[in-house]
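Q: I would like a close look at a single part of this model. Please stay with that part, then show how the rest is arranged around it.

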Amino acid sequence: ETVSEFSISVTSLPAVSQAIADALVQLCPDDIQLIPFDRFWNEKLNEKIQGGPFSFVHVLSRQNSWESSRMKVSTITRPDGSTFETVGGVPRVVNAAALGTARIWRETRTNTVLCDGTVREMLIATGCKGWRFGAVEVI
């Protein structure tokens, strides 16, 4: 069970059930930090979110993993002059050598959160709903 999903904003942390939190700690203890929190409020329905306990998931691991020679990483300029990088289309290619031992990480250039197949399968099996998993080629 999840309350929210990962965002490119590093300050927007998803909240997950205890089962998902336990599984993440088991698979990738050095890549994440859990922040337990027992009160969640649904602002649309103006009521407490049932279930729990929940924990916010902060991804600690940062990797520059996109393989730019095999895909397009674009720089976008905002109206205020600041810039950010984004990945559009396919293929999306990750350089395995850049990852080290990371099983879940935040890409340093685009702030995208990525994970390996084992973490993906565990999240799905544990009941993770509302998160999107896209195809990524690893070379």
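A: Start with the contacts. Among those in the protein chain between residues at least 6 apart in sequence, 61% join residues at least 24 apart. Contact here means heavy atoms within 4.5 Å. This is a predicted model, where local features need pLDDT of at least 70, side-chain atom pairs count only at pLDDT 80 or more, and totals for chains, interfaces and linings use all residues. Residues are numbered from 1 along each chain as its sequence is written, and side-chain values use heavy atoms, with hydrogens and water left out.

The chain comes to two helices and 12 strands. Both kinds of element are DSSP runs numbered from the N terminus: helices are H or I over at least four residues, strands are E over at least two. The order from the N terminus is β-α-β-β-β-β-β-β-β-β-β-β-α-β. The C-alpha atoms fill a box of roughly 45 × 40 × 20 Å along the principal axes. Of the 139 residues, 29% are buried. Buried means under 20% relative accessible area, exposed means over 50%, and partly exposed lies in between (1.4 Å probe, protein chains only).

The part to examine is helix α1, with the sheet it packs on. That sheet is open, has three strands in the order β1-β5-β2, and pairs them antiparallel. Two strands pair if DSSP finds at least two bridges between them. β1 (15-17) and β2 (32-37) are the edge strands, each pairing on one side only. Neighbouring strands are turned by 40° against each other on average, direction ignored. Helix α1 (residues 18-27) packs on this sheet and touches β1, β2 and β5. Its direction makes about 95° with that of β1. Such angles run from 0 to 180 degrees between N-to-C directions, and axes are lines fitted to C-alpha atoms, for helices over the stretch in contact.

Now the strand pairing. β2 and β5 (residues 54-59) run antiparallel over six bridges. F37 stands opposite F54 in β5. S55 also sits in β5. At 5% relative accessibility, S55 counts as buried. Leaving aside neighbours within four places in sequence, S55 is in contact with P14, A15, V16, A21, L34, I35, P36 and F37. One of these, A21, is also among the buried residues of α1.

Turn to the helix itself. I20, A21, A23 and L24 are its buried residues. Down the axis of α1 they fall within an arc of 165°, so they line one face of the helix. The arc is that of the directions from the helix axis to the C-beta atoms. In general, an α-helix has 3.6 residues a turn, so residues three or four places apart point the same way. The cover over the buried residues of α1 includes β1, β2, β5 and α2 (117-125).

The crossing of α1 past α2 is right-handed. A crossing is right-handed if the near helix is turned clockwise from the far one by less than a right angle, and left-handed if anticlockwise. Between the helices, I20, A23, L24 and L27 in α1 meet T118, V119, M122 and L123 in α2.

Next, the surroundings. The loop between β4 (47-48) and β5 holds G52. G52 is partly exposed, with a relative accessible area of 44%. From G52 to W66 is 14 residues in sequence and 35 Å in space, C-alpha to C-alpha.

Another open sheet has three strands in the order β6-β10-β11, with mixed pairing. β6 (62-63) and β11 (113-115) stand at its edges with a single partner strand each, so one side of each has no neighbour in the sheet. β10 (residues 104-107) and β11 pair antiparallel over three bridges. There R106 stands opposite V113. N111 lies in the loop between β10 and β11. Its phi is near 65°, a positive value in a residue other than glycine. N111 is partly exposed, at 27% relative accessible area.

β7 (residues 73-77) and β8 (residues 83-87) run antiparallel, joined by five bridges. I76 has F84 in β8 as its bridge partner. Five residues lie between the strands, and G81 takes a positive phi near 95° in this hairpin.
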